[in-house]
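Biologist: Could you take me through the pockets, the cavity and the charged pairs of this protein?

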Amino acid sequence: MQGLLLVNLGTPTSPTKNDIEKFILDFMGDPNVVTMPQWMWKPLLKHVILPIHIKKSIISYQKIWSQNGSPLRFYTEKITQQVQALLPDWQVKMAMTYGDPSINTTIQEMKNNGCDHLVLLPLYPQYANCTVKTIIATAKQTCSNLDLPLTIIKHFCTNNEYLQILVKDIQHYWNPDKYDHLYISYHGIPQSAIKKGDIYLKDCTAQTQAMCQMLNIPSEKISMVFQSKCGLMPWLKPYLNKTLIQAAKDGMKKVLIVTPSFVTDCSETIAEDAIDNKNLFIKYGGENLTVVPPMNDSPAFAKFIANLATNVNKTKKG
């Protein structure tokens, strides 16, 4: 039986201090996320970074938590259920890089339930070492231990079917009388990662160029920006928050933001953009900021994932 494993970042179990601390320590303690020597980084993380950021993180998670719990987990489960319905002869499961369900435990369960070939799909359109590398390494090691054949989909940011869905969503919101500008906002990473060979910026640039060609929006009204900067080191620029401040000061009143790094709602799309960045934009003179929702439980996106897995599996076998 074919298996498809969808992997997202992960989320705290609850919006409480203890659960959020545990999640941050797991996430930020990954050497693929922070490449500083671990003997130096881990004490710094625990005793300096965590105390500084924990209050902000608690506020962010409390803003996004709903009766369904974490939106990232809720929508990842929804996507998994939808794809499973489209691929009834497959095993379709979800896992998280950090937290539960874990990648290795889920793969073991899939193997026990009859999976004889696994397709791995990290739910990140663009490849970055800090997101996808750990997923691939964990899956490779687990599948090797289980003698389970593995096919990996590393990224899909320029896949035409995916782009058509994304562009259609943007055009649904865009109205030249309603918005002055579209910001394509990707999650930032340190500039040092790019200098070390990470292809993330190339993926973001390629996706933005493809989107601009497909969108019925003048190119001068579209900008690529980066958000979610953390720490003092320089990250990919321009920064979304600083760009919004300057845009508002320059007289821009209404903006639309799309966040292609995220396929599900999370703290970055809701707390950071739809709340904090919106308030920031208005504070400096803007009137409205709207965020195009991520794919979430879009049937079209679920169909795309099913098609992607099926096609890559056929190619591998052929």
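Biologist: Which helix gives the most to the lining of the second largest pocket?

Modeller: This is a predicted model, in which local features need pLDDT of at least 70 and side-chain atom pairs count only at pLDDT 80 or more, while totals for chains, interfaces and linings use all residues. Residues are numbered from 1 along each chain as its sequence is written, and side-chain values use heavy atoms, with hydrogens and water left out. On a 1 Å grid over the protein atoms alone, a pocket is an open set of points with protein on both sides within 12 Å along at least five of seven lines, a cavity is a set where a 1.4 Å probe fits but cannot get out, and lining residues have an atom within 4 Å of a point. Helices α1 (17-28) and α3 (71-86) each supply at least two residues of this lining, and the helix that gives the most, with four residues, is α1.

Biologist: What is the volume of the second largest pocket, and which residues are the closest to its centre?

Modeller: The second largest pocket has a volume of about 290 Å³. Of its 16 lining residues, the closest to the centre are T11, P12, T13, G99 and D100.

Biologist: How do the residues lining the largest cavity divide into nonpolar, polar and charged?

Modeller: The search of the whole structure finds one cavity of 30 Å³ or more, and about 70 Å³ of space lies in the largest cavity. Its lining includes Y162, L166, F262 and M295, and the residues of that lining divide into 10 nonpolar, one polar and no charged.

Biologist: Is E21, which meets K17 in a salt bridge, buried or exposed?

Modeller: A salt bridge here is a side-chain nitrogen of Lys or Arg within 4 Å of a carboxyl oxygen of Asp or Glu, and the side chains of E21 and K17 meet in one at 2.6 Å, N to O. Both residues lie in helix α1, four residues apart, about one turn of the helix. Buried means under 20% relative accessible area, exposed over 50% and partly exposed in between, with a 1.4 Å probe and protein chains only. K17, at 43%, is therefore partly exposed, whereas E21, at 19%, is buried.

Biologist: How many residues apart are K63 and D276?

Modeller: The side chains of K63 and D276 meet in a salt bridge of 2.7 Å, N to O. This pair links distant parts of the chain, with K63 in helix α2 and D276 in helix α10 (residues 268-283), and the two are 213 residues apart.

Note on methods:
Grid points are joined across faces, edges and corners, and a volume is the space filled by probe spheres set on the points. Ala, Val, Leu, Ile, Met, Phe, Trp, Tyr, Cys and Pro count as nonpolar, Asp, Glu, Lys and Arg as charged, and the others, Gly among them, as polar.
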